[in-house]
Amino acid sequence: MAEKFFTFSGTEMQPFINFTLHTAAKAGVAKTSKNFSLRIGTVNSISGTVSSQKKPRIVLGRENPIGISSGVRIVRGSLTFEVFDQSIFSDIKVLVKEELAKSGNTTTEADYIVFENGAVMPFTSSASMFSMPPFDLIITAVKENNSNIRMKKVIKNIVLSSNASAIGMNTLTVQEAYDFFASAIEPFEDVSKELVTIIDKTV
């Protein structure tokens, strides 16, 4: 029997960052936790590569290597954003504050964010790439002509390593590009039978 294969265009794929905001107890209000699944709508492109190699161990004064190191596996890639006035990480905090304000809550120095991989970031830390702990980027793909066909891909434990910005006056765009290292790029997984609930917040 012939197998079926599905392809997805760029417009059918969306990147998300999942995390939980933990708020400290305040006067008359118990401590709470709230899950967020934020769509990173300003992502222009995502790329990733996986490379591995073995290297001889060279020692000063010896003609031959003393051995061959085990294969080193390196996962690296880049994220490019279309931005206007502030960093993508500033936008994440703004959206969290807006969500809390709906219920009359505010953030304090004791509040913190826990990402899906368990990494923790104080909510009061500076909104820059250097304050971001390792985080997972979830890429979902849904067929436009059949919403029952859903796939998911995860880039695990992203660590941002460098940043560059560019301005294009002829197209009136501002871009931010981030290079990153990661622990793994997982293959696409069929999640058609899973119930997916997403907070409709776009970064």
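How many bridges pair β7 with strand β8 (residues 120-122), and in which sense do the two strands run? The pairing of β7 and β8 is antiparallel and extends over three bridges; two strands are taken to pair if DSSP finds at least two bridges between them. The structure is a predicted model, in which local features need pLDDT of at least 70 and side-chain atom pairs count only at pLDDT 80 or more, whereas totals for chains, interfaces and linings use all residues. Residues are numbered from 1 along each chain as its sequence is written, and side-chain values use heavy atoms, with hydrogens and water left out.

Read from the N terminus, their order is β-β-β-β-β-β-α-β-β-β-β-β-β-β. The protein has 203 residues, of which 33% count as buried; buried denotes under 20% relative accessible area, exposed over 50%, and partly exposed the range in between (1.4 Å probe, protein chains only). Where contacts link residues at least 6 apart in sequence, 62% of them join residues at least 24 apart, a contact being defined by heavy atoms within 4.5 Å. The accessible surface amounts to about 12800 Å², and carbon and sulfur atoms account for 54% of this area.

With β8, strand β7 forms a hairpin that has four residues between the strands. In the turn of this hairpin, G118 has a positive phi of about 95°. Residue I113 is located in β7. It stands opposite L21 and also opposite M121 in β8. I113 is buried, because its relative accessible area is 1%. Not counting residues up to four places away in sequence, I113 touches F19, T20, L21, A119, V120, M121 and F123.

In soluble globular proteins, nonpolar side chains tend to be buried together. The largest nonpolar core of the present model has 26 residues, and F19, F115 and I158 have the most contacts inside it. Such a core is a set of buried Ala, Val, Leu, Ile, Met, Phe, Trp, Tyr and Cys residues joined through side-chain atoms within 4.5 Å. Two or more residues are given to this core by each of β1, β2 (32-39), β6 (72-83), α1 (88-101), β7, β9, β10 and β11. The greatest contribution comes from β6, with four residues.

The surroundings of I158 include P133, P134, F135, L137, F180, F181 and A182, which it touches when residues up to four places away in sequence are not counted. A182 belongs to strand β11 and counts as buried because its relative accessibility is 14%. By the same exclusion of sequence neighbors, A182 touches V75, I155, K156, N157 and I158. The C-alpha atoms of A182 and I155 are 6.9 Å apart in space, while the residues are 27 apart in sequence. N157, which lies in strand β10, has a positive phi of about 55° although it is not a glycine. With a relative accessible area of 27%, N157 is partly exposed.

One salt bridge was identified, the criterion being a side-chain nitrogen of Lys or Arg within 4 Å of a carboxyl oxygen of Asp or Glu. It is formed by the side chains of D136 and K156, with an N to O distance of 3.4 Å. Because D136 lies in strand β9 (residues 135-143) and K156 in strand β10, the pair ties together parts that are 20 residues apart in sequence. D136 counts as buried at 4% relative accessibility, whereas K156 is partly exposed at 26%.

On the surface, I167, M169 and L172 form a nonpolar patch with about 400 Å² of accessible area together. Patches are made of residues with over 30% relative accessible area and no salt bridge, with like charges joined within 9 Å and nonpolar side chains (Val, Leu, Ile, Met, Phe, Trp, Tyr) within 5 Å. M169 is found in the loop between β10 (146-168) and β11 (173-182), and it counts as exposed because its relative accessibility is 64%.

Conventions: Accessible areas come from the Shrake-Rupley method with a 1.4 Å probe; for residues, only the protein chains shown count as cover.
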